[in-house]
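Please look over the sequence and the structure first.

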Amino acid sequence: MTKNVIYWILAACVSMGLLLLAIGMADSVPNASGQPHTKHPGMLIGMDGAARLAHIGLLAFLFNSLLLTLIVCLCILGVSERYRSSKFLAGMGASLLFMLAIWWMMFSTHQNFLQTGDTSYFMGFPVPTAWQVYGTWLGAIPLVMMYSCGFRKFIYTRDDEEEFKTLLEQAVLDSQKD
Amino acid sequence: MEAYRQEIIVGSVVLYMLFCIATGLWAMRRTHDSSDFFVAGRGLGPIVVALALFSSTLSGFGFVGGPGLVYSIGVSSFWMVVISSTGYAIGFFLVAKRIRMIAELRDCLSLPDIVAARYGSDTVRFLIALTIVLGVMGYLATQILAMAVVMQAILSGTETFADIGLVTCVVISSAVLIFYCVTGGIIASVYTDVVQGFIMMIAGSLILMTAVSVFDGGMQEASAIILADDSEAIMPFGSAGVMASLGWFFVFGLGLAGQPHLITKMMMNKKMSDNRSILPMSLFGYVMAALLWISIGVVMRAAVIDGVVEPLALPDDAASTFLSIFANPFLAGIVFAGLFAAIMSTSDAFLNIGTAAIIHDIPKALSGKSVENELFWARVVTALLAAVAAGFALYSHYADATLVALLGAFGWGTFAASIFPVVAVGLNWQGATVAGAVTATISALLINFVVQLAGIVLPYGISGPLVAFVTSMILFIGVSLLTKKPELAPDIQRVLRI
């Protein structure tokens with residue numbers, strides 16, 4: 001399946017392109033990307049969050065879900081085919097689920113705030129924003145850990161090191177012949 | 001101590017600049033050929049590479065523009081920062097290993113060298129070199145101007161230099177930059193980056209501590225004040241809205257692996273296996289330094305709304321106003337030194353890759369060979385490039401901002417859209433073709449250029465670089481699939497399989 005990961009990447013990019021097109025063609029909302037603050041020059045305000053998401057909320061949610069999928073597919077592409085074991089793919093799948101779960105929590109708690117106007121706080125920020133600040137930062141940590149901890153298993157094994165040394169020696173020999 | 005605030009700040013900045021000059025002199029002794037000048041002889045340790053990588057990522061924009069953006073558009077701008085873990089992860093998964101292998105195997109000095117080896121094409125080499133030169137001019141001009149403006153603001157607060165002009169500040173700051181870059185090349189650049197990185201981390205964490213003490217209720221009170229004024233500003237998509245935010249996630253997150261000044265540093269480590277520690281160290285450093293971006297921005301927006309601070313003349317004044325009101329003089333000194341560090345660490349990286357493109361890559365693409373006596377010309381062109389960029393900066397400031405703004409459009413977004421598919425995907429997919437690479441690069445340049453030049457505003461805050469990036473990815477893969485599968489050089493084929 002991962003032999004054709006490039007097709008998954010292409011499919012994700014084409015889908016995101018189509019979503020951008022759909023968002024561009026959606027009914028417009030005045031000042032959807034902010035308007036000047038009435039009292040403080042230099043500040044923009046967002047005003048009615050529910051109205052800004054009314055026509056594009058679902059499309060935006062899908063766009064970022066696809067982006068997170070694209071990120072994991074690209075990381076899979078970066079690993080040699082022979083090391084894409086079921087263990088590695090399970091780790092990548094878990095990383096994707098983790099990032100999607102954080103994205104869902106951010107989006108749904110924001111939706112909840114838009115409906116109720118109430119929010120609690122976590123470490124200095126309203127809960128939806130805390131999901132964004134801390135969650136997005138932490139969301140890719142499984143990928144970082146897979147790279148660092150799995151470096152000798154998936155990224156650059158001892159065999160790879162030997163093969164590269166041989167390749168370098170061959171290059172030196174070839175240059176001496178020339 | 002408060003009476004000596006300006007003197008302490010000026011002293012910190014002067015000390016930092018003297019350190020840069022000393023590093024340039026030290027590195028000159030270690031620079032024997034163009035390989036030393038451009039890629040530090042591929043002999044750097046993991047801590048040096050990690051600090052150089054993150055400090056080059058966070059430019060003066062992060063220290064001045066970042067807090068200003070939070071002041072202006074709220075949480076929207078957080079998206080440029082919180083994607084760092086994703087961005088670094090993608091960069092290391094896709095680029096770090098293979099760029100380092102090809103660099104050693106083919107003795108590459110620059111990113112265009114790498115793509116020429118990968119695709120066996122001087123056309124792709126030329127296009128990437130051209131993109132780099134265009135981007136470098138815009139980036140350098142804005143960085144030099146920012147450095148001079150900050151220097152003028154600091155010096156004009158003292159009695160001795162109260163009337164100092166902007167031209168003098170451009171000359172002083174450019175002279176220091178040119179000196180250590182010309183004498184020590186990339187070796188001076190990365191070792192100053194190490195100190196610059198430490199300063200930025202310390203500044204970021206100290207600023208966070210100061211920021212949370214501005215309001216009795218800490219950051220939560222600041223958030224609550226912003227929420228009461230305009231809830232969207234402190235909600236996850238900020239004032240600029242969901243598509244602007246997600247666009248930044250895409251362009252800044254994926255795009256990190258397409259920034260030439262960053263991925264070139266991935267060619268410089270001594271041991272390939274160091275990559276596993278470089279990734280978490282770079283990420284940690286970036287997060288520490290980026291605390292400044294978020295904390296100053298939030299506190300200043302809340303402070304102005306709450307009436308604690310007068311409204312700012314410009315959003316970019318957020319950082320300097322915060323420092324003058326809330327930070328003690330020593331902290332202000334460290335942060336201003338950190339600001340110069342952030343600007344210089346990015347500028348020296350751009351000077352290096354721009355020089356390589358001019359004396360090494362473009363001549364090689366056009367005539368098949370680079371200039372003779374590369375080390376000498378590298379030094380000459382480094383000085384000239386910085387001088388021309390300084391000229392652009394002054395021209396932009398006094399006469400017409402259009403040119404630099406136009407070149408500035410060839411910044412992060414253009415690098416991301418035109419270089420990411422060709423390098424990050426191309427180094428991991430044997431099916432990538434020259435036609436795919438050329439189509440992707442040209443389309444990215446054109447879309448960014450047209451959107452900027454025509455002043456096109458897309459609905460819902462969708463940005464030009466986002467459209468360019470998605471388009472170039474589709475075209476790169478699509479055209480490569482439709483064109484004849486390339487015959488790669490045997491050594492490159494083996495590298496792509498490892």
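How much space lies in the largest cavity? About 90 Å³. The model is predicted: local features need pLDDT of at least 70, side-chain atom pairs count only at pLDDT 80 or more, and totals for chains, interfaces and linings use all residues. Residues are numbered from 1 along each chain as its sequence is written, chains are lettered from A and ligands numbered from 1 in the order in which they are written, and side-chain values use heavy atoms, with hydrogens and water left out.

**Cavities**

- Rolling a probe the size of a water molecule over the atoms shows where empty space is left.
- A cavity is a set of points, on a 1 Å grid over the protein atoms alone, where a 1.4 Å probe fits but cannot get out; lining residues have an atom within 4 Å of a point.
- Grid points are joined across faces, edges and corners, and a volume is the space filled by probe spheres set on the points.
- The count is five cavities of 30 Å³ or more.
- The largest cavity is lined by 13 residues, and Leu68(A), Met99(A), Ile102(A), Thr136(A) and Phe249(B) are the closest to its centre.
- Helix H3 (57-77), helix H4 (86-116) and helix H5 (127-139) of chain A each give two or more residues to this lining. Helices (H or I, at least four residues) and strands (E, at least two) are DSSP runs, numbered from the N terminus.
- H4(A) has the largest share of the lining, with four residues.
- By class, the lining of the largest cavity holds eight nonpolar, five polar and no charged residues. Here Ala, Val, Leu, Ile, Met, Phe, Trp, Tyr, Cys and Pro count as nonpolar, Asp, Glu, Lys and Arg as charged, and the others, Gly among them, as polar.

**Second largest pocket**

- A pocket is an open set of points with protein on both sides within 12 Å along at least five of seven lines.
- The second largest pocket has a volume of about 480 Å³.
- Of its 22 lining residues, Lys3(A), Glu81(A), Asn428(B), Trp429(B) and Gln430(B) are the closest to the centre.
- Helix H1 (5-25) of chain A and helix H22 (490-497) of chain B each supply at least two lining residues. H1(A) gives the largest share, three residues.
- The lining of this pocket divides into eight nonpolar, six polar and eight charged residues.

**Salt bridges**

- Side chains of opposite charge can pair when their charged atoms come close.
- The whole structure has 12 salt bridges over all chains (a side-chain nitrogen of Lys or Arg within 4 Å of a carboxyl oxygen of Asp or Glu).
- Glu232(B) and Arg52(A) form a salt bridge at 2.8 Å, N to O. Glu232(B) lies in helix H11 (residues 231-234) of chain B and Arg52(A) in helix H2 (residues 49-53) of chain A, so the pair joins two chains.
- Glu232(B) and Arg52(A) are both buried (under 20% relative accessible area; exposed is over 50%, partly exposed in between, with a 1.4 Å probe and protein chains only).
- Arg106(B) pairs with Asp491(B), their closest N and O atoms being 2.7 Å apart. Arg106(B) is in helix H6 (residues 84-106) and Asp491(B) in H22 of chain B, so the bridge ties together parts 385 residues apart in sequence.
- Arg106(B) is partly exposed, at 34% relative accessibility.
- Arg125(B) and Asp361(B) meet in a salt bridge of 3.8 Å, N to O. Arg125(B) sits in helix H8 (residues 122-155) and Asp361(B) in helix H16 (residues 329-367) of chain B, so parts 236 residues apart in sequence are tied together.
- Both Arg125(B) and Asp361(B) are buried.

**Ser76(B)**

- Ser76(B) is in the loop between helix H4 (60-73) and helix H5 (79-82) of chain B.
- Ser76(B) counts as buried because its relative accessibility is 0%.
- A polar atom of the Ser76(B) side chain lies 3.3 Å from the backbone nitrogen of Ser239(B).
- Beyond neighbours within four places in sequence, Ser76(B) has contacts (heavy atoms within 4.5 Å) that include Phe237(B), Ser245(B) and Trp248(B).

**Positive phi**

- Met47(A) is not a glycine, yet has a positive phi of about 60°. Met47(A) lies in the loop between strand E2 (44-45) and H2 of chain A, and is partly exposed at 47% relative accessibility.
- Asn373(B), also not a glycine, has a positive phi of about 50°. Asn373(B) is in the loop between H16 and helix H17 (374-398) of chain B, and is exposed, with a relative accessible area of 51%.

Note on methods:
Polar contact = N/O pair within 3.5 Å; in protein donor to acceptor, adjacent residues only side chain to side chain.
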